[in-house]
Amino acid sequence: MSSASLCDACCGVDGRRPTGAKRPTRTAAPSSIGTVTDTTDAQVDSTGPLGGVAVVTGAGAGIGAAIAAALVEHGTRVVVSDIDADAVARIAADLGPNAVAVPGDAADLAVIERMVDTARERFGPVDLYVANAGVAGGVGLESTDAQWRSALEVNVMAQVRAARLLVPEWLERGAGYFLATASAAGLLTQIGSPTYSASKHASVAFAEWLSVTYGDRGIGVSCLCPMGVNTALLHSGFSEGSPDGAIAAAAVTTAGAVLEPKDVAREVIAGIERGSFLILPHPEVLEMYRGKGADYERWLSGMRRYRRVLEQGAAAGGE
Ligand SMILES: NC(=O)c1ccc[n+]([C@@H]2O[C@H](COP(=O)([O-])OP(=O)(O)OC[C@H]3O[C@@H](n4cnc5c(N)ncnc54)[C@H](O)[C@@H]3O)[C@@H](O)[C@H]2O)c1
């Protein structure tokens with residue numbers, strides 16, 4: 001591949017809309033979540049991902065809950081889903097009549113079908129699927145097979161199964177939008193956690209593949225890759241009392257700012273409006289990714305050095 005075509009390929013990061021993807025048009029945005037227009041049960045013609053019908057997984061807390069709230073604020077009707085049934089029921093109640101909860105495991109095809117069917121029955125066909133549910137997984141090489149399976153199921157296969165269900169319908173309609181929440185760890189690495197690193201790389205790779213395969217047939221794809229965000233996953237997802245768990249969390253909290261979920265949601269809305277593939281709430285991730293691509297060996301030795309510093313910090317903290 002020539003450097004020009006490589007550059008063309010990477011230019012998705014500057015926010016060009018995928019060829020053929022519909023320009024999202026907003027319906028009148030309500031002034032606040034509490035005052036959304038009641039369009040429950042209305043089969044409104046959708047016009048694009050924002051202002052249409054969305055599914056958000058892992059919406060019971062953190063980034064998913066914030067994305068769901070931002071979508072509703074932008075006139076989108078949303079099915080919110082989470083494995084934590086109580087949490088997602090509370091979120092739906094808070095969001096009002098333009099949201100409905102479907103509890104369940106985002107990796108379970110029957111649950112994905114239920115989300116899509118519920119969306120269609122209550123609001124209309126799904127325009128936007130936000131595959132956001134994720135788990136931190138194991139730490140160290142001693143991560144168990146069960147932890148590998150869980151990371152691959154939730155962080156990757158949940159996204160694959162949703163796309164497999166929705167893309168054929170979107171191709172017929174000539175429009176649809178898939179947003180995968182991966183992580184900066186999917187472009188770089190997650191110090192301490194092989195399961196998170198590998199599964200998030202797979203999530204980025206699958207989203208790339210979707211974009212390459214369907215991006216000129218009306219299907220938009222975005223891949224959200226934040227570093228630290230102030231959620232339960234960051235604060236307790238990796239802490240298993242092991243040194244690698246502490247290092248994994250410290251690697252994220254010391255690498256850059258820890259953002260609030262609502263800040264990430266704002267970037268998600270802007271990224272969908274632009275039709276950007278990469279959505280990077282921490283812009284420095286792009287520089288880090290360029291550094292990795294420019295000199296892999298140097299990047300690896302820099303990461304080993306960073307890991308040693310974190311290890312020394314964890315050892316000093318544990319004394
Ligand atoms: N917090 C961060 O620093 C950070 C950074 C980069 C990427 N991410 C990614 O953002 C996404 C959201 O995580 P978060 O930080 O908001 O964490 P969070 O723990 O606040 O929220 C994750 C939600 O997903 C739900 N969930 C877990 N497994 C599920 C499953 N199998 N099916 C359905 N729901 C499930 C949880 O119940 C929880 O409500 C994840 O994919 C995560 O990997 C987080």
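**Basis and confidence**

Residues are numbered from 1 along each chain as its sequence is written. Because the model is predicted, local features need pLDDT of at least 70 and side-chain atom pairs count only at pLDDT 80 or more, while totals for chains, interfaces and linings use all residues; side-chain values use heavy atoms, with hydrogens and water left out.

The mean pLDDT (the predictor's confidence in each residue, from 0 to 100) of the protein chain is 86, and 83% of the residues score at least 70. Residues 1–46 stay under 50 in pLDDT. For this stretch the model has 86 contacts (heavy atoms within 4.5 Å) beyond four places in sequence. Where pLDDT is low, the predicted coordinates should not be read in detail.

**Overall content**

The protein chain holds 11 helices and seven strands. Helices (H or I, at least four residues) and strands (E, at least two) are DSSP runs, numbered from the N terminus. Of the 319 residues in the protein chain, 50% are buried; buried means under 20% relative accessible area, exposed over 50%, and partly exposed in between, with a 1.4 Å probe and protein chains only. Among contacts in the protein chain between residues at least 6 apart in sequence, 73% join residues at least 24 apart.

**Helix packing**

Two packed helices are described by the angle between their axes and the distance between the axes. Axes are lines fitted to C-alpha atoms, for helices over the stretch in contact, and angles run from 0 to 180 degrees between N-to-C directions. Angles under 35 degrees count as roughly parallel, over 145 as roughly antiparallel, 65 to 115 as roughly perpendicular and the rest as oblique. A crossing is left-handed if the near helix is turned anticlockwise from the far one by less than a right angle, and right-handed if clockwise.

| Helix pair | Angle | Axis distance |
|---|---|---|
| H5 (residues 145–173) and H6 (residues 194–214) | about 10° | 8 Å |
| H4 (residues 109–122) and H5 | about 40° | 10 Å |
| H2 (residues 62–73) and H9 (residues 261–274) | roughly 50° | within 8 Å |

Helices H5 and H6 pack at about 10°, which makes H5 roughly parallel to H6. Their crossing is right-handed. On the H5 side the contact includes Gln147, Trp148, Ala151, Asn155 and Gln159, and on the H6 side the residues include Thr195, Phe206 and Leu210. The contact of H5 with H6 comprises 15 nonpolar, six polar and one charged residue. In this count Ala, Val, Leu, Ile, Met, Phe, Trp, Tyr, Cys and Pro are nonpolar, Asp, Glu, Lys and Arg are charged, and the others, Gly among them, are polar.

H5 also packs with H4, at an angle of about 40°, so H4 and H5 are oblique to each other. The crossing of H4 with H5 is right-handed. Leu109, Ile112, Glu113, Val116 and Arg120 of H4 meet Ala158, Arg161, Ala162, Leu165, Leu166 and Glu169 of H5. These residues divide into seven nonpolar, no polar and four charged.

The pair H2 and H9 crosses at roughly 50° and is therefore oblique. H2 passes H9 in a right-handed crossing. From H2, Gly62, Ile63, Ala66, Ile67, Ala70 and Leu71 take part, and they meet Pro261, Lys262, Val264, Ala265, Val268 and Ile269 of H9. The contact of H2 with H9 has 10 nonpolar residues, one polar and one charged.

**Selected buried residues**

Thr195 lies in helix H6 and counts as buried at 0% relative accessibility. Leaving aside neighbours within four places in sequence, Thr195 is in contact with Ala136, Gly137, Gly138, Ser143, Gln147, Trp148 and Ala151. Asn155 is 40 residues from Thr195 in sequence and 9.7 Å away, C-alpha to C-alpha.

Phe178 is placed in strand E5 (residues 176–181) and is buried at 1% relative accessibility. Not counting residues up to four places away in sequence, the residues that Phe178 touches include Tyr129, Gln159, Ala162, Ala163, Trp170 and Leu210.

Val72, in helix H2, is buried at 0% relative accessibility. Val72 and Asn98 are 26 residues apart in sequence and 6.8 Å apart in space, C-alpha to C-alpha.

Leu286 belongs to helix H10 (residues 284–294) and counts as buried at 18% relative accessibility. Cys225 is 61 residues from Leu286 in sequence, and their C-alpha atoms are 9.9 Å apart.
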